[in-house]
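Biologist: I'm new to this one. Can you walk me through it?

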Amino acid sequence: MSFFEGLKFRKVSSPIHDLDPRIKFVFVLVIFVLAVVFAEILPLLFLFILQLPFVLLARVGKQWLRSLKGAIFFAVLIFLMNFIVSFIYAGYVVTAQMIENAFTMTFRFIVLVSSFSIFFLTTSPDVLGLALEQSHIPYEFCFAFTTAVRFVPVLADEAQTIMDAQKARGLELEKGNFLKRVRNYIPILVPLIVNAIRRSLELAEAMESRAWGATKKRTNLYVLKPKREDYLLAFITVAILALAIYVKIFVPIPKITQILRISA
Amino acid sequence: MRFMVARESVEVIKTEKLTFTYAGRNEPSIRDVGLSIEKGEFVILTGPSGCGKTTLCRCFNGLIPHFYQGKLEGEVIVAGLKVNEHPTYELACHVGLVFQNPENQLFALSVEKDVAFGLENLGLPREEIRKRVDWAMKVAGVYELKDRAPYELSGGQQQRVAIASVLAMRPEVIVLDEPTSFLDPLGAKRIFEDIYKLNQKLGITVILVEHRLDLAAKYATRVIVMNDGRVLLDGDPREVLSLEKTRLLGVGIPKATRLYQLLKNDGIPLKSGKVPLTPEEAAEAIKEAFKSD
Ligand SMILES: Nc1ncnc2c1ncn2[C@@H]1O[C@H](COP(=O)(O)OP(=O)(O)OP(=O)(O)O)[C@@H](O)[C@H]1O
Ligand SMILES: [Mg+2]
């Protein structure tokens, strides 16, 4: 059941959760772009360390680590690919440089995963929906988004119930070859889909009864108003961007292997 | 009658020769329904399954004919508006519909947002929405739950949120279609009490579709029994529910009323003037009968 539990969202409050999601998104986007632009380990390390205060302030360390752990498989894959390709390319010799390059690529991937996981871990779907609405995205789309989030746990529960019911009638899900197994899921999918359609009809009826589509100019009970913290984050974002541009143009970034050779 | 306070009689719902056939069906689901419901009434609508109660409710706020296609004959006038000439969203401000399944009428991720949904759709000013939402949540007793997500609530709480969200639109009439069929008896009893309060304190006209007459009958000022798409009986609850005809239809009449009937059939009429609807009333009548012997 832990998988289904993960689909439910909770309202959490922390300095990071309470930030304006739009500014937070821009911040994450800047980190993303910079991680792609820089191919050296030092700036990537800087971008990674920059995220740690956010994880700590938001108290999402556990979930953050879990999402990084989820990325390990791909990280290893990226490392091996990079390493093997350059290994063959260099004529079957191993150099420190090659290892550093492969490691940098891997680390870049981790920075990307981490930044997006921080965004989604600290932005509850209702705030996200609100941000979508206030970014002039058509309301129908925003509504579809929040409704989907709202019904995911309900449908997950329902799927579980149907699965139990069908198993009680002798359905064996884990039997047979791949094709057979896929076919085993039909008796689960059919009632699930039929139920979802019936449910959506009832929802539509309830929406109509609550003045859906009465006016094009819908009001929203909440407004996102940037607070002091949001301006601070905006400032940090701009500062990082400026610094990055400066470094990219004027400062040659040394590789770790170069630093080591100098000090040695 | 207990509380026919000197209200001027204002008709809020009127139907005349109302007949509706869903698209793709040969038989009409309701036929020749002629009703006149006045402001402040508490009407219980009951009848065997499939007799057309839900269909009739859908006519009251324009879901029929705007949402459900089909052939509509006759007339429905709600708060002075002919339903076929006004869109559902306009009628929704006069008639609030609460449905059977509480889960499928809440869309938002928090209670507060859900209660605001209708008002946001109407495009009211934000301050007005805030005021009405707080008011509706307090009246329906869900103010403490305002930040909770719908799936964290019990069925009774969800149904209360649904009631709050139609209340927020300040309708004159609330129509509740079997609002307690997903609830346990205690939850149902509490919902009925709250609906009664809305009726008494705010003067909202209530139309309640219900099978649990044991719990609900005592609040009604009027009971309408439907069968096979027609209105079969319509009148004072004590009269309608004590008729043999009502029982034979399979309407679950209150046990106290049934007791009265049985005693009467055995030649032991309870003398007190009125037919009992609740165990308390029955006990009172029996005590009186003993005393006078
Ligand atoms: N959307 C629809 N399309 C076609 N026919 C329908 C539709 N909804 C209801 N009916 C039919 O109309 C008739 C009356 O149904 P309705 O749902 O109004 O009964 P009801 O009194 O509410 O029953 P219940 O007590 O079971 O809720 C039934 O024969 C039903 O099959
Ligand atoms: Mg019904």
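Biologist: Is the crossing where H2(A) passes H10(A) left-handed or right-handed?
Modeller: It is a left-handed crossing. Bear in mind that this is a predicted model.

Biologist: Which residues make up those two helices, and at what angle do their axes cross?
Modeller: H2 covers residues 21–37 of chain A, and H10 covers residues 228–250 of chain A. Their axes cross at roughly 15° and come within 9 Å.

Biologist: So what does that make them, roughly parallel or roughly antiparallel?
Modeller: Roughly parallel. Angles under 35 degrees count that way, so H2(A) and H10(A) qualify.

Biologist: Staying in chain A, how do the axes of H4 and H5 cross?
Modeller: At roughly 155°, and they come within 8 Å. H4 is residues 61–89 and H5 is residues 96–121. That angle makes H4(A) roughly antiparallel to H5(A). Their crossing is right-handed.

Biologist: What classes of residue sit in that contact?
Modeller: The contact of H4(A) with H5(A) has 19 nonpolar residues, seven polar and no charged.

Biologist: Over to chain B. Which peptide bond is cis?
Modeller: The one from Ile64(B) to Pro65(B), with omega near 10°. Most peptide bonds are trans.

Biologist: Where does Pro65(B) lie?
Modeller: In helix H2 of chain B, residues 63–66.

Biologist: And how do H6 and H7 of chain B cross?
Modeller: H6 (residues 155–167) and H7 (residues 185–202) have axes that come within 11 Å and cross at roughly 15°. That makes H6(B) roughly parallel to H7(B). The crossing is right-handed.

Biologist: Now the ligand. How many residues surround ligand 1?
Modeller: There are 14. Among the closest are Arg25(B), Ser29(B) and Thr55(B).

Biologist: What classes are in that shell?
Modeller: Three nonpolar, seven polar and four charged residues.

Biologist: Which helix gives the most to the shell?
Modeller: H1 of chain B, residues 53–60, with four residues.

Biologist: What lies 2.6 Å from an oxygen atom of ligand 1?
Modeller: A polar side-chain atom of Ser49(B) does. An N or O atom in the side chain of Thr54(B) is also 2.6 Å from an oxygen atom of ligand 1.

Biologist: And which atom of Gly52(B) lies 3.0 Å from a ligand oxygen, backbone or side-chain?
Modeller: A backbone N or O atom.

Biologist: How much of ligand 1 does the protein bury?
Modeller: Taken alone, ligand 1 exposes 630 Å². The protein buries 68% of that.

Note on methods
Residues numbered from 1 in each chain as written. Chains lettered and ligands numbered in written order. Predicted model: local features only at pLDDT ≥ 70, side-chain atom pairs only at ≥ 80, totals over all residues. Heavy atoms only, no water. Near = heavy atom within 4 Å. Polar contact = N/O pair within 3.5 Å; in protein donor to acceptor, adjacent residues only side chain to side chain. Areas by Shrake-Rupley, 256 points an atom, 1.4 Å probe, with all protein chains shown as cover. Nonpolar A, V, L, I, M, F, W, Y, C, P; charged D, E, K, R; others polar. Axes fitted to C-alpha atoms, helices over the stretch in contact; angles between N-to-C directions. Parallel < 35°, antiparallel > 145°, perpendicular 65-115°, else oblique. Left-handed = near helix turned anticlockwise from the far one by under 90°.
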